Amino acid sequence: MTQISQQALEAAVREYRDPYLNKDLYELGAVKSLGADDSGKVTLMIELPYPSKGIAGGLKQIVANALEFVDGVESAEVHVGQKIHACKVNKDLAPVAGVKNIVAVASGKGGVGKSTTAVNLALALSAEGARVGILDADIYGPSIGMMLGVPEGQRPDVRENKYFVPIKAHGLQANSMAFVTTDKTPMAWRGPMVSGAVMQLLEQTLWDEVDYLIVDMPPGTGDIQLTLGQKVPVTGAVIVTTPQDIALLDGKKGIELFRKVEIPVIGVIENMSVHICSNCGHEEPLFGHGGGERIAEEYQTTLLGQLPLHMTIREQTDSGSPTVVAEPDSEVALRYRDIARRVGAELSTRERNLSGTISSVSVTEH
């Protein structure tokens, strides 16, 4: 039987370049083991550093095909998993118990679809194999519960008269001021009270080892956002904008705010990029064109994705079954999942927090 060259096997594996990090699997440190037995069967163990379930099947097939072209190889078995690490934050803030990475989803102004984007991003990260929580920090207009289909009046369990047990919805761990108040509770609070309430929700919720906690921030760039940015150990921020000029101006203010509090901006999501007619499918850029790309270029950050303005997105979110779970194979859901992989891949390049919680491992494709 032909002797299988280990060098040839490694060369075959190197042919695959990660589509999000533009590195081969060895450069990523993703190859955990590679070897062949006497029968010519090759076994490869891969562990990607970001949520990647959506590309695991394709990766497996591409690499297995490359390995099977190596002389002496009779078959190739590829296992693809993922390992998500806690990232180090720039400020000297204690990590939140049970949380590896906090991602703030923010906008410079209201009305750009920030909460819808936050919910679908959280669901997309979960669909990609991560453990995900979501915190509704929009005290004045909490909507995450409705969007996730949490029944009105449902309250989180309380432990030791102090800690909230997050409500489970569509696989997410969720908490919101709406879960602990009623819609008739007046929110005539000043900034310090709002910041204190958010910190209490964040720190007194029993998050169960989540890889990413998505925080739906209040809209705007005022004192509340500044205070939260200084007190919460945020790993990175995602800015949601629309293509219209006024939204772009406010989006820039959002980026400047996060820079001021030393929180890196992961990238920009351009929402309502084009309007898709529900009758004929015609696409039209109602709010302008290319705005998200311009702001990302100006601030040397990434355009994570562009999402359309479509009636079904609003209808599905309002009904408590957002697009990623209502139509998981739709183009919009696939765009959200692509954005989720981009967010995870970008965070995987950050310095690790070695004092954080233990990294979780999950096998996404056998």
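Predicted model: local features only at pLDDT ≥ 70, side-chain atom pairs only at ≥ 80, totals over all residues.
The protein has twelve helices and 16 strands. Of its 366 residues, 54% count as buried. Of the contacts with a separation of 6 or more, 77% are accounted for by residues 24 or more positions apart.

Let me return to helix H3, which spans residues 114-127. Its partner in my next point is helix H12, residues 331-348. H3 and H12 pack at an angle of about 75°, and their axes are 8 Å apart. Because angles from 65 to 115 degrees count as roughly perpendicular, H3 is roughly perpendicular to H12. On the H3 side, the contact is made by Thr 116, Thr 117, Asn 120, Leu 121, Ala 124, Leu 125 and Ala 127. On the H12 side, the residues are Tyr 336, Arg 337, Ile 339, Ala 340 and Val 343. By residue class, this contact of H3 with H12 divides into eight nonpolar, three polar and one charged.

An unreviewed UniProt entry carries the annotation "binding site" for Gly 108, Lys 109, Gly 110, Gly 111, Val 112, Gly 113, Lys 114 and Ser 115. Val 112 lies in the loop between strand S4, residues 99-106, and helix H3. Val 112 has 3% relative accessibility and so counts as buried.

Lys 114, by contrast, lies in helix H3. Is Lys 114 buried or exposed? At 6% relative accessibility, Lys 114 counts as buried, because the cut-off for that class is under 20%. Leaving aside neighbours within four places in sequence, Lys 114 is in contact with Val 105, Ala 106, Ser 107, Asp 138, Asp 216, Met 217, Pro 218, Pro 219 and Val 240.

Next, a second pair of helices. Helix H1, residues 6-14, and helix H2, residues 53-68, pack at an angle of about 145°, with axes 8 Å apart. The crossing of H1 and H2 is right-handed. Leu 9, Ala 12 and Val 13 in H1 meet Val 63, Ala 66 and Leu 67 in H2. The residues of this contact divide into six nonpolar, no polar and no charged.

Between strand S1, residues 31-36, and strand S2, residues 41-48, there is a loop that holds Asp 37. At 37% relative accessibility, Asp 37 counts as partly exposed. The C-alpha atoms of Asp 37 and Val 73 are separated by 9.5 Å, and these two residues are 36 residues apart along the chain.

How far apart in space are Met 199 and Lys 231? They are 8.1 Å apart, C-alpha to C-alpha, and 32 residues apart in sequence. Met 199 lies in helix H6, and at 11% relative accessibility Met 199 counts as buried. Apart from neighbours within four places in sequence, Met 199 is in contact with Gln 204, Lys 231 and Val 232.

Finally, a word on backbone geometry. Most residues other than glycine have a negative phi. Asn 161 has a positive phi of about 55° although it is not a glycine. Asn 161 lies in the loop between strand S6, residues 158-159, and strand S7, residues 163-164. At 79% relative accessibility, Asn 161 counts as exposed. Glu 209 also has a positive phi, of about 50°, and is not a glycine. Glu 209 is found in the loop between helix H6, residues 191-203, and strand S10, residues 210-216. At 36% relative accessibility, Glu 209 counts as partly exposed.

Technical notes:
Residues numbered from 1 in each chain as written. Heavy atoms only, no water. Axes fitted to C-alpha atoms, helices over the stretch in contact; angles between N-to-C directions. Helix = DSSP H or I, 4+ residues; strand = E, 2+ residues; numbered from the N terminus. Left-handed = near helix turned anticlockwise from the far one by under 90°. Contact = heavy atoms within 4.5 Å. Nonpolar A, V, L, I, M, F, W, Y, C, P; charged D, E, K, R; others polar. UniProt positions renumbered as here; feature names shortened; annotations may be inferred. Buried < 20%, exposed > 50% of the residue type's maximum accessible area, 1.4 Å probe, protein only. Parallel < 35°, antiparallel > 145°, perpendicular 65-115°, else oblique.
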